[in-house]
Amino acid sequence: MADTQYILPNDIGVSSLDCREAFRLLSPTERLYAHHLSRAAWYGGLAVLLQTSPEAPYIYALLSRLFRAQDPDQLRQHALAEGLTEEEYQAFLVYAAGVYSNMGNYKSFGDTKFVPNLPKDKLGRVILGSKAAQQRPEEVRDLWQTCGDLMFSLEPRLRHLGLGKEGVTTYFSGDCTMEDAKLAQDFLDSQNLSAYNTRLFKVVGQEGKSHYEVRLASVLNTDPALDSELTSKLKRYEFQGNHFQVTRGDYAPILQKVVEHLEKAKAYAANSHQEQMLAQYVESFTQGSIEAHKRGSRFWIQDKGPIVESYIGFIESYRDPFGSRGEFEGFVAMVNKAMSAKFERLVASAEQLLKELPWPLAFEKDKFLTPDFTSLDVLTFAGSGIPAGINIPNYDDLRQTEGFKNVSLGNVLAVAYAAKREKLTFLEEEDKDLYIRWKGPSFDVQVGLHELLGHGSGKLFVQDEKGAFNFDKETVINPETGEQIQSWYRSGETWDSKFSTIASSYEECRAESVGLYLCLNPQVLEIFGFEGADAEDVIYVNWLNMVRAGLLALEFYTPEAANWRQAHMQARFVILRVLLEAG
């Protein structure tokens with residue numbers, strides 16, 4: 001059997017996100033709006049399989065064939081007849097659940113491969129003797145032959161997501177290195193193109209020159225199309241002695257389905273902001289234009305307090321080994337009014353709380369752009385994993401000038417609260433009951449501060465294409481050196497493009513630190529309903545939880561590659577190390 005770090009245990013929990021009451025309260029029109037947005041999200045989520053590993057789409061297709069032909073109980077009877085034990089069949093179900101949950105065969109939190117915890121030959125007998133194989137013998141056999149070996153393989157390079165010799169990725173072709181990724185980013189910057197919706201493919205020609213294809217995600221491909229802002233970019237380039245070609249059409253069949261349901265959702269939109277938002281998303285996914293997605297995101301930011309909230313696109317860059325390309329994500333959710341009222345009070349206090357942060361006001365935006373901050377019950381979340389809270393959009397230029405939205409996912413948090421005493425590690429016995437009692441409430445506080453005042457604070461110092469600065473170059477002082485600011489972002493540069501592999505980890509560390517710092521503020525605790533001894537317990541458990549998270553984060557460190565496999569976990573370990581050094 002495989003090393004335990006590469007298998008999912010048979011007793012792993014499966015949680016149901018309860019959104020029945022929130023959905024029941026929707027009007028018929030709102031339900032249809034949510035339905036078509038959900039369909040768009042689920043279709044788009046299939047792109048994540050293609051963004052994860054070469055075998056992930058085939059594994060997903062194979063599992064889908066099996067479970068469409070026989071339900072789990074019928075498949076169980078077949079598996080037992082083929083010689084599997086109850087434990088082995090349970091291991092197969094757990095593996096299948098893991099693939100569906102992570103949208104691939106690598107963990108979304110940690111980027112580690114997981115394999116079935118049963119012999120390959122036994123699983124092969126189940127698959128090839130299944131009803132699906134009887135109905136579609138050639139297709140099922142071909143799928144198993146394509147993905148079977150890779151499904152079980154734990155060759156060193158295949159154990160983790162990574163670039164080149166460090167791991168496997170499908171954001172880049174297999175012969176790409178970190179140097180290729182850096183060169184491609186420089187090329188994209190030179191053409192003012194975003195990496196968010198791209199993949200990179202490399203071929204070395206007979207003359208020894210590297211030929212790179214930057215492929216954009218879009219419905220349209222090489223066919224002549226209506227003129228758009230992107231058309232002039234679709235051509236060949238010479239850049240630093242290498243050939244580049246910008247093409248499009250990546251994930252085209254998938255995005256065609258996304259566009260169809262976004263178009264249908266427009267008929268049930270609640271207002272013009274939603275209509276224009278959806279129109280721009282359709283333009284983005286059809287043409288391959290991130291600029292159109294930005295325009296859609298502007299309308300999304302302006303759509304304050306919708307009953308049905310959603311967002312869709314190539315969003316988070318955590319799983320790109322270079323840290324610039326976005327994984328597809330789409331969610332649909334309904335407002336939880338009780339918790340949203342607390343977040344509204346936090347937003348109302350945000351400008352005052354920003355002044356409490358330990359850096360000069362010149363490092364904050366000139367004007368705080370009051371965001372939407374709502375607690376939502378998730379109806380649909382398509383992607384490789386579900387977070388507890390989100391602060392989006394991730395476009396730096398929009399965040400600085402248009403603002404952002406914060407969402408806390410209430411029914412996700414409710415599941416995250418659940419903690420069994422016997423599974424609590426690294427805690428003193430006398431702390432366990434306190435931890436179980438206050439983990440949920442303290443997490444509410446931390447998520448609120450992390451999203452609103454962690455990710456939502458700070459200003460990027462920028463010099464635009466005309467040479468104008470968005471800060472006073474003569475008077476703004478670096479508090480670390482006592483000298484004037486020596487460096488800043490140029491037009492077209494972003495946080496992700498400049499800091500690539502450390503960008504996500506650093507930003508998560510900043511947001512977590514803001515949460516820890518401001519949870520000590522009595523005003524914050526009062527907003528969430530905590531005073532006196534209860535407030536002290538919330539503070540204690542919030543800090544205790546972060547220290548414990550830092551220890552748990554060690555699981556996500558890869559000694560062979562000397563790197564971390566998850567931005568949030570690297571951030572939490574860094575915080576733990578700082579606390580230990582300070583103590």
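Which residue lies over the face of W438, and at what distance from the ring centre? In this predicted model, the residue is R437, which lies at 4.0 Å from the centre of the W438 ring.

**View 1. Helix α17 around W438.** Helix α17, which spans residues 429–455, has a kink of about 50° at W438, and this kink comes shortly before the proline P441. R437 is placed over the face of the W438 ring.

**View 2. The charge over W300.** A second ring with a charged residue over its face is W300, where K405 lies at 4.6 Å from the ring centre.

**View 3. An open sheet of 4 strands.** The strands of this open sheet follow the order β1-β2-β4-β3, and their pairing is mixed. Strands β1 (198–204) and β3 (236–239) stand at the edges with a single partner strand each, so one side of each is left without a neighbour in the sheet. On average, and with direction ignored, neighbouring strands of the sheet are turned by 25° against each other. Between β3 and β4, the latter made of residues 242–250, the pairing is antiparallel and runs over 4 bridges; the bridge partner of R236 in β4 is Q245.

**View 4. The aromatic pair Y60 and Y100.** The structure contains 26 aromatic pairs, and one of them joins Y60 and Y100 in an edge-to-face arrangement, with 5.7 Å from centre to centre and 90° between the planes. This pair links distant parts of the chain, as Y60 belongs to helix α3 (residues 56–69) and Y100 to helix α5 (residues 86–102), 40 residues apart. Y60 is partly exposed at 22% relative accessibility, and Y100 is likewise partly exposed, at 32%.

**View 5. The aromatic pair F314 and F328.** The ring centres of F314 and F328 are 5.2 Å apart and their planes stand at 90°, so this pair is edge-to-face. Because F314 lies in strand β5 (residues 308–316) and F328 in strand β6 (residues 327–336), the pair ties together parts that are 14 residues apart in sequence. Both F314 and F328 are buried.

**View 6. An aromatic cluster.** Five residues, F187, Y212, Y237, F239 and F244, form one aromatic cluster.

**View 7. The cysteines C19 and C176.** The structure holds 0 disulfides. C19 is buried, with a relative accessible area of 13%, and C176 is buried as well, with a value of 0%.

Definitions and conventions. Residues are numbered from 1 along each chain as its sequence is written. This is a predicted model: local features need pLDDT of at least 70, side-chain atom pairs count only at pLDDT 80 or more; totals for chains, interfaces and linings use all residues. Side-chain values use heavy atoms; hydrogens and water are left out. Two strands pair if DSSP finds at least two bridges between them. Helices (H or I, at least four residues) and strands (E, at least two) are DSSP runs, numbered from the N terminus. Axes are lines fitted to C-alpha atoms, for helices over the stretch in contact, and angles run from 0 to 180 degrees between N-to-C directions. A disulfide is a pair of cysteine sulfur atoms within 2.5 Å. Buried means under 20% relative accessible area, exposed over 50%, partly exposed in between (1.4 Å probe, protein chains only). The bend at a residue is the angle between axes fitted to the seven residues ending there and the seven starting there. Rings of Phe, Tyr and Trp (its six-membered ring) pair if their centres lie within 6.5 Å; planes under 30 degrees apart count as stacked, over 60 as edge-to-face and the rest as tilted. A charge sits over a ring if NZ of Lys or CZ of Arg is within 6 Å of the ring centre and within 35 degrees of the ring normal.
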